[in-house]
Amino acid sequence: MLKFEQLKSDNDLKDVIKAAFDADLSVSGAWGYTQDLSTIIESANIPVKQLEHMLASMRTYIEMNMTLPEEERYGSINLNEIHREQNHVGELVYDKVTYEITAMKEETYTAFIKEYKEGLGTEGFDITEHFNQRKKATITRNEAYWFEVHQTL
């Protein structure tokens, strides 16, 4: 199984998100690897589930693309929620959300897109085989993300 480095946080989560994604989010804490290192959602202008997905996507993109050497980067990164539970600790409320993450090497993805654009509609292009090869090149991992959400409820 592939392992990706956990992101460090010096309680500058909001600043990192602003610098990397030009997004102003009302968050603090850490990157959500454990309950103790949860991402604190202070307020939300969109539904909390949607914001959680956005934050998980940001963390995943930094882990699998932005912090890796160019030849090791992943593209076509997608997250789908597969499990959710809520934990209450005193007055605090935590969402632990597990996502299935799919991705493929960025260079491979770029080659598939080029092949698709050039081959679609031409004689001899086997679209079924093309998508079978894309599926074979895709990795899958499951990751849990912790969010402290009591302030947004």
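In which kind of crossing does α1 pass α2? The legends below answer that and then visit other parts of the chain.

**Before you start.** This is a predicted model, in which local features need pLDDT of at least 70 and side-chain atom pairs count only at pLDDT 80 or more, while totals for chains, interfaces and linings use all residues. Residues are numbered from 1 along each chain as its sequence is written, and side-chain values use heavy atoms, with hydrogens and water left out.

**Figure 1. The whole protein chain has four helices and five strands.** Helices (H or I, at least four residues) and strands (E, at least two) are DSSP runs, numbered from the N terminus. Starting at that end, the order of elements is α-β-β-α-β-β-α-α-β. Along the principal axes, the C-alpha atoms fill a box of roughly 65 × 30 × 30 Å. Of the 153 residues, 35% are buried; buried means under 20% relative accessible area, exposed over 50%, and partly exposed in between, using a 1.4 Å probe and protein chains only. A contact means heavy atoms within 4.5 Å. Among contacts between residues at least 6 apart in sequence, 62% join residues at least 24 apart.

**Figure 2. Helix α1 passes helix α2 in a left-handed crossing.** Two packed helices are described by the angle between their axes and the distance between the axes. Here α1 (residues 13–21) and α2 (residues 48–66) pack at about 65°, with axes 12 Å apart. The axes are lines fitted to C-alpha atoms, for helices over the stretch in contact, and angles run from 0 to 180 degrees between N-to-C directions. As for handedness, a crossing is left-handed if the near helix is turned anticlockwise from the far one by less than a right angle, and right-handed if clockwise. From α1, the residues V16, I17, A20 and F21 meet L55, M58, Y61, I62 and M66 of α2. This contact holds nine nonpolar residues, no polar and no charged ones. In this sorting, Ala, Val, Leu, Ile, Met, Phe, Trp, Tyr, Cys and Pro are nonpolar, Asp, Glu, Lys and Arg are charged, and the others, Gly among them, are polar.

**Figure 3. The largest nonpolar core has 28 residues.** Such a core is a set of buried Ala, Val, Leu, Ile, Met, Phe, Trp, Tyr and Cys residues joined through side-chain atoms within 4.5 Å. I17, L25 and L55 have the most contacts inside this core. At least two core residues come from each of α1, α2, β3 (74–89), β4 (92–105) and β5 (139–148). The largest share, six residues, is supplied by α2. Take a look at I17: leaving aside neighbours within four places in sequence, I17 is in contact with D22, A23, L25, V27, W31, L55 and M58.

**Figure 4. Helices α3 (residues 106–119) and α4 (residues 127–137) pack at an angle of about 175°.** Their axes lie 11 Å apart, and the angle makes α3 roughly antiparallel to α4. On the α3 side, the contact is made by T108, Y109, F112, I113, E115 and Y116, and on the α4 side by I127, H130, F131, Q133, R134 and A137. By class, this contact has seven nonpolar, three polar and two charged residues. G119, also in α3, is buried, with a relative accessible area of 9%. The C-alpha atoms of G119 and H130 are separated by 9.6 Å.

**Figure 5. D22 and S76 each have a positive phi without being a glycine.** D22 lies in the loop between α1 and β1 (27–29), with phi near 55°. At 58% relative accessible area, D22 is exposed. S76, in strand β3, has a phi of about 50°. With 27% relative accessibility, S76 counts as partly exposed.

**Figure 6. T98 in strand β4 is buried, whereas E5 is exposed.** The relative accessibility of T98 is 17%. Not counting residues up to four places away in sequence, T98 touches N80, E81, I82, H83, N142, E143 and A144. E5 sits in the segment before α1 and has 65% relative accessibility. Under that sequence limit of four places, E5 touches Y33 and E63.

Technical notes. Parallel < 35°, antiparallel > 145°, perpendicular 65-115°, else oblique.
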